[in-house]
Amino acid sequence: MTTASEPSDLSREDETLIAAAKLAIASRFVPDWHEVGAALRLRDGTVVSGVHLEAYVGRIAVCAEAVALGRAVSEHGSSDIDTIVAVFHHTDGRITMVPPCGMCRELISDYAPDASVLMHDDDGRHTKRPISELLPGKYGRG
């Protein structure tokens, strides 16, 4: 699941989650339409995946993480995310891990403030970070 260019100290469960995200986008990839896949693991062990939805109008898109989160809530009755990961399908066939965008960081943090995110660290290693670390100074309503 990892290669020499993607060293990892992640658990087997985390590597399986990356594989689920890769499978989600590999099976649904359409250039400029579906390029990002995500998978999340709920605290009960359930894995839920999603792909991003693009629209003809350039500013309309729904991220894969949001689709997976929506599926978790609607199909499994839970937003209690343990870990989430997103991957990008390149046109040359490579699929690489990507960090969540700012809006997804907000969504993940709002629905699962104790969640962890799988991503690359500065040295290119797969790492697991708490969502709170990716969204310092989070906005709050009160």
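## Salt bridges

Arg 41 and Asp 14 pair up through their side chains in a salt bridge, N to O at 2.8 Å (the cut-off: a side-chain nitrogen of Lys or Arg within 4 Å of a carboxyl oxygen of Asp or Glu). Arg 41 sits in strand E1 and Asp 14 in helix H1, 27 residues apart (helices, H or I with at least four residues, and strands, E with at least two, are DSSP runs numbered from the N terminus). Arg 41 is buried at 7% relative accessible area, and Asp 14 is buried at 3% (buried is under 20%, exposed over 50%, partly exposed in between, with a 1.4 Å probe and protein chains only).

This is a predicted model: local features need pLDDT of at least 70, side-chain atom pairs count only at pLDDT 80 or more, and totals for chains, interfaces and linings use all residues. Residues are numbered from 1 along each chain as its sequence is written, and side-chain values use heavy atoms, leaving out hydrogens and water.

The whole structure has ten salt bridges. Asp 14, Arg 41, Arg 43, Asp 80, Asp 82 and Lys 128 are linked in a network of them. Within that, Arg 43 bridges to Asp 82, closest N and O atoms 2.8 Å apart.

## The aromatic pair

There's one aromatic pair. The ring centres of Trp 33 and Tyr 56 are 5.0 Å apart and the planes are at 50 degrees, so it counts as tilted (Phe, Tyr and Trp rings, the six-membered one for Trp, pair with centres within 6.5 Å; under 30 degrees is stacked, over 60 edge-to-face, the rest tilted). Trp 33 is partly exposed at 28%, while Tyr 56 is exposed at 79%.
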